[in-house]
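Subject: Structure handover

Hello,

Here is the structure for you to take over. Please load it before reading on.

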Amino acid sequence: MQTDNEQKLNDEPSPLSEPAWRIALFFPEQGAWSEDEYLNLSGGPLVEFDNGRIEVQDMPTKAHQRMAQFIYRLLFSFLAGKDLGEAFIAPLPTRLWPGKFREPDVLFLRSGRAEYQGQYPDGADLVVEIVSKGAENRRRDLEDKRADYAKAGISEYWILDPEEEAATVLRLAGGVYHTHGVFKPGQNATSVELPGFEVSVSDWFDSAKGN
């Protein structure tokens, strides 16, 4: 029969299974982060920065990555040789205003757009988000980011929503987003910011399956 002390030792977690709590001491407390401290983070999960706090995002799935890469490749090809600007894919911290960064899945920057610290976009001209599963992720992409991107003056916001099987293109006017179109499979989503750029919604969703 085990003694009380032996039972207590058996119940205590092994040091090898303990979370590395002390590593948190290397970082600022929530609300005390600076932009530079946020930008100096490397590796680990995707994070965004909001007024001294960091917001940890869910890691993207392969399907999510495939859909982001699909529209990035189309946008990259569309821009080739046009001298309009560049397309980028996350991770790339995008400064919306002082103290606020987001990481759009895909973004377009017109030529000559200002940079923050000479490395990161200071705003954007078009952003794309693929909605991940879960109520919090849906709220973030459909409500929070819509408000943030509008406040930042981003002209166009594309939202691909696998749950609703729709691609919504929002166009900024008067400081708020208006719906340019809600496009379903069998239709082509079109851009106002980039006339002539369009995406087959069926192909976009199909890209999630891979080859």
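Below is what was found in the structure, from the overall layout down to single residues.

This is a predicted model: local features need pLDDT of at least 70, side-chain atom pairs count only at pLDDT 80 or more, and totals for chains, interfaces and linings use all residues. Numbering starts from 1 along each chain as its sequence is written, and side-chain values use heavy atoms, with hydrogens and water left out.

Overall layout

The protein has five helices and 14 strands. Both are DSSP runs numbered from the N terminus (helices: H or I, at least four residues; strands: E, at least two). Of the 211 residues, 40% are buried. Buried means under 20% relative accessible area, exposed over 50%, and partly exposed in between (1.4 Å probe, protein chains only). Among contacts between residues at least 6 apart in sequence, 46% join residues at least 24 apart. A contact means heavy atoms within 4.5 Å.

Cores

The largest nonpolar core has 26 residues, and I71, L75, V128, W158, L194, F197 and W204 touch the most other members. Two or more residues each come from α3 (62–79), β6 (106–110), β9, β10 (156–161), β11 (166–173) and α5 (201–206). The largest share is from α3, with seven residues. Such a core is a set of buried Ala, Val, Leu, Ile, Met, Phe, Trp, Tyr and Cys residues joined through side-chain atoms within 4.5 Å. Leaving out residues up to four places away in sequence, F197 touches I71, L74, L75, F78, W158, A189, T190 and S191. A second, separate core has 21 residues, including L96, Y120, A124 and V127.

Strands

All six of the six residues of β10 are buried, so this strand is largely enclosed by the rest of the structure. E156, W158 and L160 point one way from β10, while Y157, I159 and D161 point the other way. β9 and β10 run parallel, joined by five bridges. Strands count as paired if DSSP finds at least two bridges between them. V127 stands opposite Y157 in β10.

β4 (residues 94–97) and β5 (residues 100–102) pair in the antiparallel sense over three bridges. R95 has F101 in β5 as its bridge partner. The two strands, β4 and β5, form a hairpin with two residues between them, and G99 in the turn has a positive phi of about 90°.

D125

D125 sits in the loop between β8 (120–121) and β9 (126–130). D125 is buried, with a relative accessible area of 9%. Its side chain reaches the backbone nitrogen of R110 at 2.8 Å. Beyond its neighbours within four places in sequence, D125 is in contact with F108, L109, R110, R113, I154, S155, E156 and E193.

Second largest pocket

This pocket has a volume of about 180 Å³. Its lining has 15 residues; the closest to its centre are E86, F88, L109, R113 and E115. β3 (85–89), β6 and β8 each supply at least two lining residues. The largest share, three residues, comes from β3. On a 1 Å grid over the protein atoms alone, a pocket is an open set of points where a 1.4 Å probe fits, with protein on both sides within 12 Å along at least five of seven lines; lining residues have an atom within 4 Å of a point.

K151

K151 lies in helix α4 (residues 135–151). K151 is exposed, with a relative accessible area of 60%. The C-alpha atoms of K151 and V176 are separated by 7.8 Å, though the two are 25 residues apart along the chain.

Best regards

Definitions and conventions
A polar contact is a pair of N or O atoms within 3.5 Å; within protein, one must be able to donate a hydrogen and the other to accept it, and residues adjacent in sequence count only if both atoms are side-chain atoms. Grid points are joined across faces, edges and corners, and a volume is the space filled by probe spheres set on the points.
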